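Biologist: I would like to learn how to read packing in a model like this one. Could you take me through it slowly?

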Amino acid sequence: MVLLLIPLATIIITVFMLYQRRWRSNIPPGPPPRFLIGNLNQLKPLWTHSFSEWSKTYGPIISVWLGTQLAVVVSTSDLARQVLRDKDYQLSNRHRTARMTQNGSDLIWSDYGPHYVKLRKLCTLELFSTKSIECFTFMREMEVRSMVMSIFKDLVIDDQKPVMLRNYLGSVALNIVSKLVIGKKLEPKEGKEFKSIVEKETRLPGAMKLLDHALWLKRVSSWFTSDKVFLKHMARRRHWFRQAVMDQEEEYGEREKCLVHSLLVLKQRNELSEETVMGLVWNMLTAGADTTAITIEWAMAEILRNPAVQGKVQHELDSVVGTKRLMYESDIPKLPYLQCIVKESLRLHPPTPLMLPHKASESVHIGGYKVPKGTTVYVNVQAIGRDPTNWRNPNEFRPERFLLEETDVKGQDFRVLPFGSGRRVCPAAQLSMNLITLALGNLLHCFSWTSSTPREDIDMLEKPGLVCYMKTPLQGLASSRLSQELYLELYAKID
Ligand code: HEM
């Protein structure tokens, strides 16, 4: 029996290797993979760093084997254009894991097709069209004012205590997105539970981490992390969703218009499943809250390191807005330097440095190489934003560079792609730009900021993950800049 098995195994392995060689022919170059683990053992926790190093050796388009899954990473504007514009149709699917991404029944993880197009249209119409963005301006302004007020109140108690910006930014972003999506702010208990579920999710296999790419590793990991863990987690998510969203189904008719209201109408007509409604709500809350808060935190870190930038933007704010009122969204077009700060932060610190993973639905050629069907494709937008062929002194934070020429950061200019581009471009790009500029403008208009540590010591390291937080939460010392009466007036309005 054993004698029979040895030749049989040899034949199977030889055929497998021949097949692999043929399949791999003319794929982009990359670090030599090991049997079964590919390049997983060489990857640093911050993938972008490994990808950038490998690109120096192998060129701007590289193959990286995540276990047995081939990933192709591109790091120049020209290649990004090929992926996101020229071959957009063939590369518009998503690499996803079945468990955490609801089999693509939602928007973010859905493959490109009729279901996706229907959901995207619906979300654009309800949330992201110019009309709906305008419609919710007042709500965004009130939430930002409420953030200013919380900081002010904490300063009244102790103005020497460093302000942990993340705490305020996280709440304002989550409040705004939840008002848009479910028509109300999350109750403190609901918000806490939501954050705890999301936190847990990033630690479970199946959350787009290393293991998910290596099919055999995934199988091994599932011996240790049984289906029960996932089912329990998904039940917790569903329970939260039912309590925070569905249990108030009858109220949606009366509540100000929100995405869930429209989704539930479609659900009643059996045009959408509850799974999809939950997926969409989850997509918006998770994609929306963190990314905007992260961008503002990185921008503030750069400002604390560059006091001249703070001086310049405050001068602009004082001459346009003055010191007798607060900044509104309608002031933004008159604040070019503030807008440049936002663009410069997104160039240097895109919150999703590798965007979200795309997948080839058929074999295509990019940069003269073959990208076989099923390959995961990453666009390294962080590397593109720091590419010296695109930007002079790319690692310097210099908002002035955007004053020289009008540059779009919402997907038209391939030198700076924080929101991606093409069919899967972030649908909330304009909304996010408005919100980030408004919040940052108010933080800088209402307060003067200094670092609580010597400014050279501000930790600019990133935390590993699909979404790129600062590794050490930023803390700053704030002092109020405007008259006390203005803050008191605001206090009266908000309370
Ligand atoms: C600074 C803020 C933000 C940044 C930098 C950002 C960036 C991105 C990027 C890079 C993608 C993937 C593009 C691709 O794969 O080609 C994306 C997709 C997405 N974003 Fe954003 N985003 C931000 C804010 C938001 C907000 C506020 C929301 C919702 C309220 C949101 C909802 C989405 C959704 C639903 C998708 C999936 C689109 C699709 O697959 O078709 N994002 N975003």
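Biologist: What covers the buried residues of α3?

Modeller: A residue is called buried if 20 or more other C-beta atoms, placed from the backbone, lie within 10 Å of its own, exposed if 12 or fewer do, and partly exposed in between. In helix α3 (residues 77-86), the buried ones are S77, L79, A80, Q82, V83 and L84, and their cover includes β1 (61-66), β2 (69-74), β6 (364-366), β8 (376-379) and α16 (381-385). Helices (H or I, at least four residues) and strands (E, at least two) are DSSP runs, numbered from the N terminus. This is a predicted model, in which local features need pLDDT of at least 70, side-chain atom pairs count only at pLDDT 80 or more, and totals for chains, interfaces and linings use all residues. Residues are numbered from 1 along each chain as its sequence is written.

Biologist: At what angle do the axes of α6 and α7 cross?

Modeller: Two packed helices are described by the angle between their axes and the distance between the axes. Here the axes of α6 (residues 137-157) and α7 (residues 165-182) cross at roughly 155 degrees and come within 10 Å. Therefore α6 is roughly antiparallel to α7, a term used for angles over 145 degrees, where angles run from 0 to 180 degrees between N-to-C directions.

Biologist: Which residues of α6 and α7 make the contact?

Modeller: Two residues are in contact if their C-beta atoms lie within 7 Å. From α6 come M139, R140, E143, V144, M147, S150 and I151, and from α7 come Y168, V172, N175, I176 and K179.

Methods
Parallel < 35°, antiparallel > 145°, perpendicular 65-115°, else oblique.
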